[in-house]
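The sequence and structure are shown first.

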Amino acid sequence: MRHFVGFLSGLILGPVLLLVTGWAFAHLRGLHAVGLSALQGTGPVAVAGLVGVGLLVALVAVPPRLTPMLPFAASLVLGGVSALALVRMHLLERLPVLPGTEGALTLLPLGVFLPLALVLAAPLFVGARWVREDDEGVGEEEYFEGLYGEDDDGPSRSTSTRSEPLTAHHEPRHRLED
């Protein structure tokens with residue numbers, strides 16, 4: 001179930017990455033046309049948007065316990081839209097106008113999102129990300145602990161799996177010294 005939910009989340013994440021990056025590009029290009037740098041005016045907001053995209057990609061691609069379907073679905077969206085921009089750009093121009101659409105339509109035919117799509121597709125090939133390890137479950141050593149019995153040669157052997165009652169002898173851990 002976590003793979004299915006991750007895949008659906010990735011289908012939402014792909015367009016979000018595309019639109020935020022397109023918005024930041026259009027914003028920074030507008031600042032450059034006026035003659036301002038990225039650190040003047042509202043440029044830091046666009047830079048913060050790009051930093052947010054980078055952090056989001058890192059948080060999706062790196063953690064080993066996250067399903068690999070989330071970054072893979074985002075990779076499919078970014079790679080598919082990039083390929084569509086090269087083959088049938090007129091179809092993308094029919095999309096509704098949202099903030100960032102103009103910048104994304106400028107970046108898509110340039111292939112800017114292809115390296116990002118490759119980075120997001122890489123976790124799919126890491127085998128450890130497909131299996132969830134339960135920390136609460138019984139470990140391998142605990143599972144096999146009582147499976148094989150030991151030969152009792154006499155009272156010299158003591159095992160921790162015997163069901164004999166133990167005598168409790170309690171002493172205080174700390175003594176108050178006067």
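In this report, a residue is called buried when its relative accessible area is under 20%, exposed when that value is over 50%, and partly exposed in between. Leu28 has a relative accessible area of 23% and is therefore partly exposed. The model discussed here is predicted.

## Overall architecture

The secondary structure of the protein consists of seven helices and zero strands. Along the sequence, this gives the pattern α-α-α-α-α-α-α.

Of the 178 residues in the protein, 26% are buried. The protein exposes about 12900 Å², and carbon and sulfur atoms supply 63% of that area. Among contacts with a separation of 6 or more, residues 24 or more positions apart account for 72%.

Leaving aside neighbours within four places in sequence, Leu28 is in contact with Ala38, Gly43, Ala46, Val47 and Leu50. Leu28 and Val47 are 19 residues apart along the chain, and their C-alpha atoms are separated by 8.3 Å.

## Helix 2

Helix 2 runs over residues 43-61. At 1.5 Å a residue, its 19 residues should span 27 Å, and the end C-alpha atoms are 27 Å apart, which agrees with that expectation.

The buried residues in this helix are Gly43, Ala46, Gly49, Val53, Val57, Val60 and Ala61. They cover an arc of only 130° around the axis, so they lie on the same side of helix 2. Leu55 and Leu59, on the other side of helix 2, are exposed. The buried residues of helix 2 pack against helix 1, helix 3 and helix 6, where helix 3 spans 69-87 and helix 6 spans 114-121.

## Helix 3

Burial in helix 3 involves Met69, Leu70, Pro71, Ala73, Ala74, Ser75, Val77, Leu78, Val81, Ser82 and Ala85. The elements that cover these buried residues include helix 1, helix 2, helix 4 (89-92) and helix 6.

## Salt bridge

Side chains of opposite charge can pair when their charged atoms come close. How many salt bridges does a search of the whole structure find? The search finds one.

This salt bridge joins Glu102 to Arg29, with the closest N and O atoms 3.1 Å apart. Glu102 lies in helix 5 (residues 101-107) and Arg29 in helix 1, so the pair ties together parts that are 73 residues apart in sequence. Glu102 counts as exposed because its relative accessibility is 55%, whereas Arg29, at 34% relative accessibility, counts as partly exposed.

Definitions and conventions:
Residues numbered from 1 in each chain as written. Predicted model: local features only at pLDDT ≥ 70, side-chain atom pairs only at ≥ 80, totals over all residues. Heavy atoms only, no water. Helix = DSSP H or I, 4+ residues; strand = E, 2+ residues; numbered from the N terminus. Expected span 1.5 Å × (residues − 1). Buried < 20%, exposed > 50% of the residue type's maximum accessible area, 1.4 Å probe, protein only. Arc of directions from axis to C-beta. Contact = heavy atoms within 4.5 Å. Salt bridge = Lys/Arg side-chain N within 4 Å of Asp/Glu carboxyl O. Areas by Shrake-Rupley, 256 points an atom, 1.4 Å probe, with all protein chains shown as cover.
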